[in-house]
Amino acid sequence: MSRNRQASTISESEPYLFPSTRYQGSKRKIAQRIVSELSGLDYVRVLDAFGGTAAVSYAFKIAGKHVTYNDALRFNQQVGLALIENDDVTLNDKTTANIGERRSGVNYGLVIQENFGDIYYTDEENRWLDVAVGNIRSIKNQFVQALAWFSLFQSAMSKRPYNLFHRRNLYMRMSNVERSFGNKKTWDRSFEDHFQNFARLASAAVVDGGNNCVSRNQDAMDFDPSAMDLVYIDPPYVSAGGTGVDYHGFYHFLEGMMHYDDWPGMIDRTSKHHRLLTDNNGWCSDKTNENMFRLIFERYASCILAVSYRSDGIPTIEDLVTLLKRYKKSVRVIDISANQYALSNRKHTREMLIVGN
Ligand SMILES: C[S@@+](CC[C@H](N)C(=O)[O-])C[C@H]1O[C@@H](n2cnc3c(N)ncnc32)[C@H](O)[C@@H]1O
C-alpha cells in the first residue's frame, strides 16, 4: 500500500453504523472522536494493534484509511474480517434462517453439550449452540462465515449475566428473584432471535473500504513498522489496584469455538467454569505492563503513535507521556470523555488519548 491520500474510495461523511456490542473496553462511543482528533495528521496506513470489537478500526475505515485490524484472540479476528476486511458481502435470510437446526450433509459435534452443562446456558441452548457452530463452520465464503460468527458471539454475550464467561453462574439467570442488575428479558430471548437481529445489524454495517483493509490475529508487536504510518494502541487496562482486564479469561468460551475440535483438550479442568488454560500476557499485570508499553513504543517509534488509556490506571497518564517523549518529539494528551461523562458519576475515570508524532 502506498502512502497516498488519493487511494481512498470513501468520503468522510460515510455513516458510522457499527453495531453496539457488549465487550469490555469497547471504544465504540468514542471511536469517531478518536479518529477526528487525529484528522490533522498525515497518515493513511493504520495498525489497530489491539482491535477488540473493531469499533475504532471501523471509524478509521469510514474515514478512508488503509486499516490493519489486529487482535490476539482468534474470535475477534472474525469480527475484523466481517466488518473491516469485508467490503461488500452481507448475510441473506437463506444463510441465517434456522442456524441452530440440523442440515443435511453437515457434521455436528457435542463439545458444548458435553463440557459446559449447567455452567453458562441451559441444556437446550447448549444443543442449539453445537448445531449453530457446525452450520457456521460449514459456510464456504469467509466473509459470510465471519458475519455469522459475529452474530453468534454477540448473541452469546447478550445472554450472559455481565456479558462475560468469568463465572459458573447460570443460576443467576434461572432463579426467580428480584434483580437490581441485568436484563432477564434479554437473557431469555432465544438464541435464534438474537442471532437474526445481530445478523441484520452486521449486514447493515458492511461498508466498502476499497479493498484496502485487512484483519489479522497476531501479537501486537508482530508487524512491520515500515508498513504503517500510524499505530493505534488500546491495550488491556490495569486498574490502580493492579487488576488487569483478562480478555482471554473473560471470553474463553468464544475463543474455544474457534478451536472447536481441540477445545476439550484445552480446558482447564481445575476451574469451575471450564475456562481455557491460561496464557501469559504481560499486558494484564501491573508488574509488567509498563515495560510492554516501552517495548511497543520502541518497536513502532517511526510511526505516529496514538494510545488510549484510562486516567486512573497503572501506569499513570503522566508515566505514559514521559515514556512516549523518549521516542516522539511532540506529545499531546486529550481527554476524550470530556463531554460524554460530564454528567455522570464516573468523574474520576476518564478516557484519555495520548498522541505522539
Ligand atoms: C481494550 S481492548 C480493545 C478495545 C477496542 N479498541 C474496541 O474498541 O473494541 C484490548 C484488546 O487487546 C487484545 N489483546 C490483548 N493482548 C494482546 C496482544 N498481546 N496483542 C494483540 N492483542 C491483544 C484483547 O484481546 C482485547 O481485545
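**Note on the ligand shell and the enclosed elements**

1. Some ground rules. This is a predicted model, in which local features need pLDDT of at least 70 and side-chain atom pairs count only at pLDDT 80 or more, while totals for chains, interfaces and linings use all residues. Residues are numbered from 1 along each chain as its sequence is written, and side-chain values use heavy atoms, with hydrogens and water left out.

2. Look next at the polar contacts (pairs of N or O atoms within 3.5 Å). Y23 places a polar side-chain atom 2.7 Å from an oxygen atom of the ligand. For N76, a polar side-chain atom lies 3.4 Å from an oxygen atom of the ligand. In the side chain of D219, an N or O atom is 3.0 Å from a nitrogen atom of the ligand. The protein covers 97% of the 610 Å² of accessible area that the ligand has on its own. Such areas come from the Shrake-Rupley method with a 1.4 Å probe.

3. N76 also belongs to the buried residues of helix α3. Buried means under 20% relative accessible area (1.4 Å probe, protein chains only). In α3 (residues 74-85), 11 of the 12 residues are buried, so the helix is largely enclosed by the rest of the structure. Helices are DSSP runs of H or I with at least four residues; strands are runs of E with at least two. The buried residues of α3 pack against several elements, including α2 (55-62), α7 (142-158) and β3 (214-216).

4. Why is strand β7 (residues 351-356) described as largely enclosed? Because 6 of its 6 residues are buried. E351, L353 and V355 cover one side, and M352, I354 and G356 the other. In a regular strand the side chains alternate between the two faces of the sheet.

5. Now the pairing (at least two DSSP bridges between two strands). β5 (residues 304-310) runs antiparallel to β7 over 6 bridges. R310 stands opposite E351, and Y309 opposite M352. β6 (residues 331-335) is also antiparallel to β7, with 5 bridges. By contrast, β4 (residues 230-233) pairs with β5 in the parallel sense over 4 bridges.

Notes:
Polar contact = N/O pair within 3.5 Å; in protein donor to acceptor, adjacent residues only side chain to side chain. Buried < 20%, exposed > 50% of the residue type's maximum accessible area, 1.4 Å probe, protein only. Contact = heavy atoms within 4.5 Å.
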